[in-house]
Amino acid sequence: METRKTRLAALTAGVAITVLALTACSGSNSPGGSNSPGGSNSPGGSNSPGGSNSPGDSTNGAGQTLTVYIGADGKYGAQQQQWFKDVSAAFQTQTGATVNFQTFASGSEELTKIQTSVVANQGPDIYVVGTTFTPTAYSTGAFVSLTADDWSKVGGKDKFVPATLGISGPSDSDQVGIPFNSGPFAMAYNTDLLAKAGIDKPATTWDGLVAQAKKLTGNGVYGMAIAYKDNFDPWKFIWAMSRQAGNPIISGKVAKVDDPTTLKAYQTYFGWLATDHVVDPASVGWNDGQALAAFASGKAAFFPMSTTSNIPTLSTSAVKDVYKFALMPVVPPGATTLPAGGVGATSILAGNNIVVAKYSKNQDLAFALVKYLTDDANQQFMYKTFGVLPVNQTTIKAVVASTPSLGPILDAAAGSVATPFSGAWADTQLALMNVVVQTIPDLANGSVDSAKLQSLLTAAQKTAQTSLDKAP
Amino acid sequence: MPASSAESAGQSVPSGLAGKTPSGRGGPTANVRHRRGVTASNRPLWMLIPGGVLMILVIVVPILLGLYISLLTLDQYTLRQWLSAPFTGLGNYIEAVTDSPLLKSFWISLSFAVLSTAATVPLGIAAALATQNHFPGRAVVRSVFLIPFVMPSFVVATVWRTMFQPDGVIVSGLHSVGITSGLWLNGPNSYWTLVIVEIWAAWPFIYLLALAGLQSVDHDVHEASALDGASWWPKLRYVIFPYLKGPVALACVIATLNHINNFTLPFVLFGVPAPEDVQTLPFLTYITSFQSFRFGLGAAMAFSSLILLAIPLIIYVRAVKLDVDEGADK
């Protein structure tokens with residue numbers, strides 16, 4: 001009898017523990033979950049320290065900590081760490097709050113962090129996200145869409161270069177992304193090699209560029225350096241050529257990945273190696289860094305770059321005195337002028353945006369930090385230290401005045417076109433990349449079969465359309 | 001709560017110990033009666049409760065959550081309010097089986113795992129036999145054999161990826177002896193790259209368990225077979241191998257499961273998007289869930305693969321009667 005009692009008591013205790021543990025687990029989720037959607041936006045966030053938030057409070061952040069999630073800078077790690085300390089110190093002087101910077105090494109790491117934070121309704125207050133990822137971030141509904149008031153807290157919409165706001169949200173009145181820095185495409189070319197071949201400047205059409213590249217190929221030098229195996233680069237060329245030919249890839253609720261313009265773009269991109277032979281055959285295994293190394297050692301005449309972060313490396317390389325920048329061609333393959341409906345995209349709208357989490361209990365403080373980060377002083381500093389282009393109008397004017405050689409890159413930034421603002425873009429981009437990855441074996445064998453390419457495009461089209469159909 | 005569980009634990013302290021502690025003075029008689037009364041039907045099963053609770057929290061709850069997620073249309077649009085994501089029933093399962101690369105990935109995973117295990121077993125046993133008898137430097141050789149096993153998968157994959165580059169040491173090495181090998185990190189060869197690297201990294205596991213099996217061979221057995229004049233092969237075949245059967249069969253099951261579950265190796269070797277030939281089950285589930293944001297479909301894929309893999313596994317375990325005692329008896 002007594003044993004029975006003990007067992008019963010223990011069983012009850014066990015069940016109680018389980019129930020307690022379970023409620024504790026869900027408990028930590030639910031209060032935030034139910035409060036957050038409106039709570040943290042509206043003054044009604046009664047449990048937050050800033051419950052009586054008013055703009056004035058943003059300067060009083062004593063004892064608060066803001067967490068910023070930002071990509072680790074692979075090239076300037078030490079400088080970035082120092083910058084973290086400086087920003088935190090300056091912000092503490094200004095508001096009393098400290099800033100805790102957390103870094104991620106890869107896009108998938110950031111993706112996982114965002115996913116877990118969205119589900120848990122807690123995590124970093126501020127994220128620095130790539131421009132092409134902003135639509136996906138927007139589609140989670142987890143980030144603050146800025147009101148006019150919010151914009152004024154970050155220093156006003158006017159302070160940003162208008163083009164950089166092109167991928168902040170689906171419309172002018174619904175924007176989650178605050179521009180942070182910019183890094184458009186540009187093409188570096190070796191003036192020495194071009195002069196020897198009697199070419200005075202790079203062509204402005206893709207066909208023209210290939211013709212020039214053929215002239216430049218020979219004696220161990222190739223016309224172009226291309227990173228076919230890079231995990232980020234190739235789709236950008238496909239997108240640019242398709243856009244120039246009039247195909248935005250996603251138009252409303254319709255995907256156009258299997259469009260003839262896109263097939264032509266892939267054929268051109270692979271043709272440089274397979275049929276034109278203006279690219280080093282080893283480049284089927286190259287990432288961006290390896291293509292950069294080929295150009296930097298004088299073994300390639302043109303280097304179309306999808307990022308500006310290579311500039312500091314080039315300026316200390318063997319070709320440092322014989323290279324210049326130009327715009328990438330803006331006339332699609334097979335054409336001599338821009339066709340009807342085509343857009344002379346010089347680049348995707350590239351760079352980084354800042355998004356503020358809805359669950360953040362320190363949103364005003366977060367906006368104050370964003371203001372600091374996008375103000376002239378910090379934008380100047382980031383440009384000089386990390387080689388990223390400013391998004392602040394004042395800063396960019398100063399940079400233009402002081403560094404005329406950057407002209408083509410600034411032109412590329414001005415002529416850049418935003419990728420479609422769709423929650424399906426991440427999937428579509430992956431599908432575009434997948435076509436390249438699956439074609440590389442054929443490319444290595446020296447011939448790309450059109451029928452096979454077409455079937456890969458059909459599969460990519462299906463992926464993109466399925467993803468689009470899911471969007472509410 | 002911890003205090004009360006400590007109290008109840010205190011009651012179950014063996015009487016000898018309880019009698020020695022001053023505080024246990026009140027209890028000894030009750031405890032003695034308890035001990036005497038313990039029978040199969042009267043075992044203190046409630047003592048399993050902490051372990052049971054832990055299992056529920058760590059295993060059962062996540063599985064049920066996963067099962068529930070697999071019935072939802074959970075994606076980037078519904079992630080934030082995931083509990084109220086639209087219910088789709090078996091829709092994800094149907095899509096996973098009929099309209100996704102799941103079945104292809106299943107065959108890739110299974111063949112990759114079986115091939116890797118089949119190749120590592122002779123290697124591991126041979127290495128164990130080679131280091132069985134004492135020779136100078138045996139300890140060093142045994143340690144060296146373990147290097148691939150103790151290296152983190154990430155490091156192994158990164159180093160091999162560098163070596164398999166089109167202008168890397170492997171391609172140029174093969175080229176210098178007149179073999180044009182083509183690409184290793186893209187296309188059909190990538191599958192063999194995955195198998196080769198997995199074999200390199202995983203054979204010491206078989207070696208370890210085979211070594212453990214060899215240690216259990218009695219010295220008398222060696223002596224007896226020597227007296228009978230058995231030459232090396234019959235001795236190996238009829239005397240030594242039966243001892244190894246149990247441990248190696250167990251090693252095969254564990255190794256095969258490890259191969260199937262290996263995510264790091266293909267992920268680091270090939271990156272995303274991966275060549276079609278190396279899209280293993282964990283890789284596909286990862287891409288579907290965390291790159292394409294289709295968490296419901298990803299969960300359905302994970303469950304489908306669990307079922308698909310459980311079938312051959314159960315058959316195998318039954319077939320080899322995986323019981324170490326039984327194996328050793330034979």
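Residues are numbered from 1 along each chain as its sequence is written, while chains are lettered from A and ligands numbered from 1 in the order in which they are written. Since the model is predicted, local features need pLDDT of at least 70 and side-chain atom pairs count only at pLDDT 80 or more, whereas totals for chains, interfaces and linings use all residues.

Chain A contains 17 helices and 11 strands; here helices (H or I, at least four residues) and strands (E, at least two) are DSSP runs, numbered from the N terminus. Of the 472 residues in chain A, 47% are buried. A residue is called buried if 20 or more other C-beta atoms lie within 10 Å of its own, exposed if 12 or fewer, and partly exposed in between, with C-beta atoms placed from the backbone. Two residues are in contact if their C-beta atoms, placed from the backbone, lie within 7 Å. Among contacts in chain A between residues at least 6 apart in sequence, 77% join residues at least 24 apart.

Strands are said to pair if DSSP finds at least two bridges between them. Strand β3 (residues 126-130) is itself mostly covered, with 4 of its 5 residues buried. A parallel pairing of 2 bridges links β3(A) to strand β1 (residues 65-71) of chain A, where Tyr69(A) stands opposite Tyr127(A).

Another group of strands in chain A forms an open sheet of 4 strands in the order β6-β9-β5-β10, with mixed pairing. Its edge strands, each pairing on one side only, are β6 (222-224) and β10 (323-326). On average, neighbouring strands of this sheet are turned by 20 degrees against each other, direction ignored. β6(A) pairs in the parallel sense with strand β9 (residues 300-305) over 2 bridges, and Tyr222(A) has Ala300(A) as its bridge partner in β9(A). Helix α7(A) packs on the sheet, touching β6 and β9, and its direction makes about 160 degrees with that of β6(A). For such angles, axes are lines fitted to C-alpha atoms, for helices over the stretch in contact, and the values run from 0 to 180 degrees between N-to-C directions.

Helix α8 (residues 234-244) of chain A has 11 of its 11 residues buried, so this helix is largely enclosed by the rest of the structure. Among these buried residues are Trp235(A), Phe237(A), Trp239(A) and Arg243(A). They belong to a set that packs against α7 (206-216), α9 (260-274) and α16 (425-444) of chain A. After α8(A) comes Gly246(A), whose phi is positive, near 100 degrees.

The domain assignment, which is automatic or taken from a database, divides chain A into domain 1 (57-176 + 351-414) and domain 2 (186-348 + 422-470). The C-alpha centres of the two domains lie 29 Å apart. Their contact takes 14 residues from domain 1 and 16 residues from domain 2. On the domain 1 side, α4 (134-139) and α15 (407-414) each supply at least two residues, and α15(A) has the largest share, 5 residues.

The largest nonpolar core has 191 residues, and those with the most contacts inside it are Met187(A), Met224(A), Leu369(A), Ile206(B) and Val248(B). Such a core is a set of buried Ala, Val, Leu, Ile, Met, Phe, Trp, Tyr and Cys residues joined through C-beta atoms within 7 Å. α16(A) provides the largest share of this core, 12 residues. Beyond its neighbours within four places in sequence, Val248(B) is in contact with residues including Val121(B), Ile206(B) and Gly213(B).

Finally, 31 residues of chain B are in contact with 37 residues of chain A. On the chain B side, α1 (2-11), α4 (49-69) and α14 (281-291) each supply at least two residues, and α4(B) gives the most, with 4 residues.
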